[in-house]
Amino acid sequence: MKEKGLPKNRVEVFLDVFQMNWRTLAYISLFLSIFILPTILVLLFSEMANINILTNLNKENQEEILKAISEYYYQNIYSIIFLFPCFIIASFGFAGSFNIMRKIVWMEQYEFFDCFKKGIKGNISKIIFNAVLLTIIYSIGVFIYLYLLFNEVDPVIMGLIIGLAIIISVFLLNMVFIGYAQMTIYNNNLISFIKNNFIFSFISYFKCLLILVLSLILVLIGLLFEYVVSIVIVFSFYALMGFGYAILLYTLNSHSIFDKIINKENYPSIYKKGIQ
């Protein structure tokens, strides 16, 4: 990257990649967005169906209210079912993209599409497992939303439920993204993959939480708009550059975790690879 030699730390790697490989980050973002598009479409259609149910609701008719609650409930259950295969497709995209990013931060030669395919090859079971975790995370959000929407809950209890859901969801989401980084480096079986992901995410929970916030910072822009509009705006931002930026952050963070926990003793050849 720099003629003066290897970067001193991963912060310098991050800055170097943005300076020297910003076009590749854009390519990764755009290519990955193709794999994530089915997920976005299902979310959009699901939300429009929810809006349609509530818009046509006659609040003065108790029978219609009960019918709407049932329709709303099943509509969101259907969204979970349809999203699972979409999450699998998205996971294929993430696995390939993380493999490309590994090559970039380790300053190794690669061919974009060949490297992308190698990130997927041999990792099918791990990719599907990550899709299962994504489905669980979404399901947690849906069921808690439905419960709070149709039940009167004490504010303190509501806060505890939402807080616990956030803690669990963040932990699982960190397992997902650390998992994509892990599967591009280590040739372990599914059980070892899951066990390592759990350990990595548990030990580095708060550090990963910071990386997650930085990765999702563009989502804050979407909070200024209605749900459907926000999905379109945020997805557009990430398709242009955001996905590459987020994957870079998580790759560097994951490599730092791997170095700290297992690489120094067990994989010295890749310990601090890409930095001095």
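I'll take the surface first, then the ring pairs. Keep in mind that this is a predicted model.

Start outside. Which residues form a nonpolar patch on the surface? They are Tyr73, Tyr74, Tyr78, Ile81, Phe82 and Phe143. Together they have about 650 Å² of accessible area. Helix H3, residues 62-105, gives the largest share of that patch, with 5 residues. Take Ile81, which is found in helix H3. Its relative accessibility is 52%, so Ile81 counts as exposed, the cut-off being over 50%.

Now the rings. A pair of aromatic rings is described by two things: the distance of the centres and the angle of the planes. How many aromatic pairs does the structure hold? The count is 26. Here is one of them: Phe14 with Phe18, a tilted pair. The centres are 5.2 Å apart, with 50° between the planes. Both residues sit in helix H1, residues 10-20. They are 4 residues apart there, so about one helical turn separates them. Phe14 counts as buried, at 19% relative accessibility. Phe18 has 29%, so Phe18 is partly exposed.

Next pair: Phe31 and Phe112, edge-to-face. Here we have 5.9 Å centre to centre and 75° between the planes. This pair links distant parts of the chain. Phe31 is in helix H2, residues 22-55, and Phe112 is in helix H4, residues 112-120. That puts them 81 residues apart. Phe112 is buried, with a relative accessible area of 17%.

Last point. Phe31 and Phe112 belong to a cluster linked by ring pairs, together with Phe35, Phe113 and Phe116.

Key: Residues numbered from 1 in each chain as written. Predicted model: local features only at pLDDT ≥ 70, side-chain atom pairs only at ≥ 80, totals over all residues. Heavy atoms only, no water. Patch = residues over 30% accessible without salt bridge, like charges linked within 9 Å, V, L, I, M, F, W, Y side chains within 5 Å. Areas by Shrake-Rupley, 256 points an atom, 1.4 Å probe, with all protein chains shown as cover. Salt bridge = Lys/Arg side-chain N within 4 Å of Asp/Glu carboxyl O. Helix = DSSP H or I, 4+ residues; strand = E, 2+ residues; numbered from the N terminus. Buried < 20%, exposed > 50% of the residue type's maximum accessible area, 1.4 Å probe, protein only. Phe/Tyr/Trp six-rings, centres within 6.5 Å; stacked < 30°, edge-to-face > 60°.
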